[in-house]
Amino acid sequence: LAAVGLSLLVAGRHAALTRDLRRAATESLTDRLTALPNYAFISDALPRELRRAERYGHQVSLLLLDLDRFKRFNDQYGHADGNRLLARVGGTLLACARASDLPARFGGEEFVIVIPGPLAEAAEAAERIRKAVAESRIPVGAAHLGTTVSIGIAEHAKGERLDGSDLVARADRALYAAKQGGRDRSMVMRAGEEEPVPATALIAPTGRVRRVA
């Protein structure tokens, strides 16, 4: 009986340890503030998604999002309200993402979303997210405040071989153009092109996605 009891105790402790290790692994890949996957997670996941796209001939796009004038907000209202604003934006991204999309906090006030599918669908998603963020508010004292977001979109076209840093750099060029163009906008960097174009150029006036060759 003593041996059986000891075996049960060991098994129980092993199961508890396994649960703790799994929880620790999950927490290490999750941003605590926003509950989104973190930089470590996306750094591993993005190259895998690119290799999968290359293997099966799929397209993948990357959205790089940066909150507009976030430092000014932090300086004026404090880090606690700044953190609540980041958490609200993270929740907005999660609510806007499709089941196949992969949103993550990239660091600071930057977020990324990996979007499998054609570039035009990524442009439509970026505009949907941009508008949703602009409409979102958090209570700050007696006021309800929000922010806007600038978005750079990068295309991984069929037949390309890119690593994650290549695609991020491409998205960063588009993000820079969005910031320089006045913020609160989405810009697209297409494969093989030198200059970003507005995401709205890929979306038909009816709201339907324009198919891009």
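Analyst: Phe73 counts as buried, since its relative accessibility is 9%, whereas Tyr77 is partly exposed at a relative accessible area of 32% (buried means under 20%, exposed over 50% and partly exposed in between, with a 1.4 Å probe and protein chains only). The model is a predicted one, in which local features need pLDDT of at least 70 and side-chain atom pairs count only at pLDDT 80 or more, while totals for chains, interfaces and linings use all residues. Residues are numbered from 1 along each chain as its sequence is written, and side-chain values use heavy atoms, with hydrogens and water left out.

Both Phe73 and Tyr77 belong to helix α3, residues 70–77, where they sit four residues apart, or about one turn of the helix (helices are DSSP runs of H or I with at least four residues, strands runs of E with at least two, numbered from the N terminus). Two aromatic pairs are found in the structure (ring centres within 6.5 Å, taking the six-membered ring for Trp). In the pair formed by Phe73 and Tyr77, the ring centres are 4.9 Å apart and the planes stand at 50 degrees, so the pair is tilted (under 30 degrees counts as stacked, over 60 as edge-to-face and the rest as tilted).

Elsewhere in the model, the crossing of helices α4 and α5 is right-handed (the near helix is turned clockwise from the far one by less than a right angle). Val89, Thr92, Leu93 and Cys96 of α4 make the contact with Arg128, Ile129, Ala132 and Val133 of α5 (heavy atoms within 4.5 Å).
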